[in-house]
Amino acid sequence: MSLSISNSNHQGRVAMTSQKLYGKSILVIGLCMAFALVGIHLILHGMGANTQGAIARVTESRAALPQIVKEPNDVVMFFGSSMTRAGFSPRKFDADLAQRGKQVKSFNFGFGGLNPYFQDFLSRPIADEFVKEDRKIKLTMIEFNPFQTTQTRWSRATPVLDSFLTLLANDQELMVIAKNDLTRGVRLFNIKYLRGNISAEMITSFLGREMFPPKSHQTFKDDDETIAQRRRLGRLLGEKFVEEYPNYKDAEWSYEWQGGGTIPQERSAETLAIFNDYYHVTQTDNEMKNDRLSRIRSADIEQLHFQPLLVTHFINIVKNFQRVSENVEVIMLPKNSKWIKTTPEAEKRLAEVIAQIEQATGIKMKNHQNIPQITPQMYRDTTHLSRYRGDIAYTDYLIEQYQSLF
């Protein structure tokens with residue numbers, strides 16, 4: 001009898017322990033999921049990938065379209081990646097043309113982190129708005145970014161593919177996808193309206209990074225003094241911005257600034273001197289080597305194995321703008337050839353893709369990769385032109401190329 005009671009008590013304790021463990025496991029899993037969702041929202045916010053803030057800039061630029069199409073002067077638009085965002089100064093473009101008696105209003109539609117698949121969905125409402133208002137863009141410059149069009153770039157977009165798509169596409173475009181693939185269409189609407197634009201793939205990717213953090217790729221390191229100077233000057237530039245723009249309203253894409261950044265005419269001599277010092281400690285060989293390795297890893301920037309789907313979507317972008325533009329130019333922006341050296345095989349693949357784009361669109365692509373007006377000292381890293389150096393020099397070049405159109 002006592003043995004039976006003892007066994008019964010033991011079994012009860014085991015059952016209670018199992019229930020507690022099960023309950024704790026469920027709690028831990030729930031907390032992990034909650035942590036992942038909060039973390040992903042923070043990451044999206046930091047990237048600008050949400051409807052308040054590469055997507056806040058999209059949202060704010062889209063909101064400005066009704067105002068853009070009503071501009072009394074000729075409209076100019078430069079559409080592309082973060083290289084466009086860094087390399088084109090629309091207010092300088094307009095001011096210099098005004099001095100020559102040409103009145104235009106130009107806009108920088110450069111967006112970081114969006115490959116041509118996403119850019120295709122972004123370009124459609126721009127064209128639709130101009131069609132609706134029966135208005136033409138005088139000049140559209142479209143950046144073809146080779147390393148945004150690679151297989152590596154496409155594969156790295158997989159975790160955010162459906163989430164970004166639900167943020168960029170409208171319901172009609174999602175319905176087209178659903179008609180071709182009902183399962184995916186239902187999933188997309190579920191992500192958009194029930195999950196706050198966060199897909200299961202994004203959650204899985206986030207949890208994977210938290211559990212197995214990627215190795216640091218800072219292979220080359222500057223000395224402590226250079227790093228300290230970089231941080232000090234960066235803080236100083238932040239303070240000077242607040243001082244010189246006391247009424248600035250925080251925005252990813254500012255209509256007042258036409259989607260571009262600040263211009264040197266607005267800055268003090270002291271600020272411009274600080275920028276020179278800042279570039280001296282940020283454009284070090286070690287920083288450039290690290291950035292080059294990062295671009296190789298994340299974008300296959302020197303081998304350029306292209307993803308055919310992304311090439312197709314880039315062609316769609318050009319055709320979208322051809323609907324509403326008097327003049328369309330397809331351009332490869334300046335390339336920091338001191339650090340990025342594409343292989344002969346990559347150059348051959350690039351030439352084939354360029355020929356495909358030219359044949360499909362009827363537009364001869366302009367290759368600005370190695371124009372003499374841009375030097376290696378004008379880049380802030382291995383791909384982006386620097387503020388007040390590269391962007392000014394390249395904008396000057398564009399003015400000379402296209403002023404005759406106005």
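**A loop position and the core**

Tutor: Tyr388 sits in the loop between strand 5 (366–367) and helix 17 (390–402). Helices (H or I, at least four residues) and strands (E, at least two) are DSSP runs, numbered from the N terminus. This is a predicted model: local features need pLDDT of at least 70, side-chain atom pairs count only at pLDDT 80 or more, and totals for chains, interfaces and linings use all residues. Residues are numbered from 1 along each chain as its sequence is written, and side-chain values use heavy atoms, with hydrogens and water left out.

Start with the backbone. Tyr388 is not a glycine, yet its phi is positive, near 75°. Tyr388 counts as buried because its relative accessibility is 14%. Buried means under 20% relative accessible area, exposed over 50%, partly exposed in between (1.4 Å probe, protein chains only).

The largest nonpolar core has 83 residues. Such a core is a set of buried Ala, Val, Leu, Ile, Met, Phe, Trp, Tyr and Cys residues joined through side-chain atoms within 4.5 Å. Ile68, Phe109, Phe144 and Tyr394 have the most contacts inside it. Beyond four places in sequence, Phe144 touches (heavy atoms within 4.5 Å) residues including Phe306, Phe314, Ile331 and Met365. A second, separate core has seven residues, among them Leu233, Ile274, Phe275 and Tyr279.
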